[in-house]
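This report describes selected features of one protein model.

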Amino acid sequence: MNQDAPYALVADDDALIRLDACEILKKAGFRCLDAATAEGALVLMEEHGGEIRILFTDVQMPPGDMTGFDLARICARDWPDIGILVASGGTTPNPGDMPDGAEFISKPFSDKIVHDYLQKILPDGKKPEPLRRAAGQY
């Protein structure tokens, strides 16, 4: 993995989903950070916020008090340059749940679905090389 590649941050309480999402994002050219809670993800954003291009978060993340929607709104407010994907297998967003520019995907997701949303939300200048090369290949 390219040590100059930008980071993607995956926040999900399910370790297998975190691993799967990280693998998909690595194929797109990102280095991956991951957290099991929204609070843990915030710590990583504080440490690496300038290097993170994508936040990929689940909605429901016990045991903390924050949801993925809360995390997405904080991210959009404090790190407006980070693209946001919110995923859930059982919850859909209500008006006001998601910040402007964030995208929602349903679980289960595939490489193609995630890569299509990455193409949509990231400006060309912020896409890692593998993602730029992969545009339209799926």
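Against which elements do the buried residues of α2 pack?

## Basis of the description

The model is predicted, so local features are reported at pLDDT of at least 70 and side-chain atom pairs at pLDDT 80 or more, while totals for chains, interfaces and linings use all residues. Residues are numbered from 1 along each chain as its sequence is written, and side-chain values use heavy atoms, without hydrogens and water.

## Packing of helix α2

The buried residues of α2 pack against β1 (7-11), β2 (31-35), β3 (52-58) and α3. Helices (H or I, at least four residues) and strands (E, at least two) are DSSP runs numbered from the N terminus. Helix α2 spans residues 38-48, in which Ala-38, Ala-41, Leu-42, Leu-44, Met-45 and His-48 are buried. These residues lie on the same side of α2, because they cover an arc of only 165° around the axis, the arc being that of the directions from the helix axis to the C-beta atoms. Exposed residues Glu-46 and Glu-47 are carried by the face turned away from the buried side. Buried denotes under 20% relative accessible area, exposed over 50%, and partly exposed in between (1.4 Å probe, protein chains only).

## An aromatic pair

Phe-56 and Phe-109 form an edge-to-face aromatic pair, at 5.1 Å centre to centre and with 70° between the planes. Rings of Phe, Tyr and Trp (its six-membered ring) pair if their centres lie within 6.5 Å; planes under 30 degrees apart count as stacked, over 60 as edge-to-face and the rest as tilted. Phe-56 lies in strand β3 and Phe-109 in the loop between β5 (103-106) and α4 (111-121), so the pair ties together parts 53 residues apart in sequence. Both Phe-56 and Phe-109 are buried.

## Salt bridges

The structure holds 13 salt bridges, each defined by a side-chain nitrogen of Lys or Arg within 4 Å of a carboxyl oxygen of Asp or Glu. One of them joins Lys-127 and Asp-124 at 2.9 Å, N to O. Lys-127 counts as buried at 7% relative accessibility, whereas Asp-124 is exposed, with a relative accessible area of 53%.

Within helix α5 (residues 129-134), Glu-129 and Arg-133 are four residues apart, about one turn of the helix. Their salt bridge has its closest N and O atoms 3.9 Å apart. Glu-129 is partly exposed at 37% relative accessibility, and Arg-133 is exposed at 52%. Elsewhere, salt bridges that share partners join Asp-12, Asp-58 and Lys-107 into one network.

Technical notes. Contact means heavy atoms within 4.5 Å.
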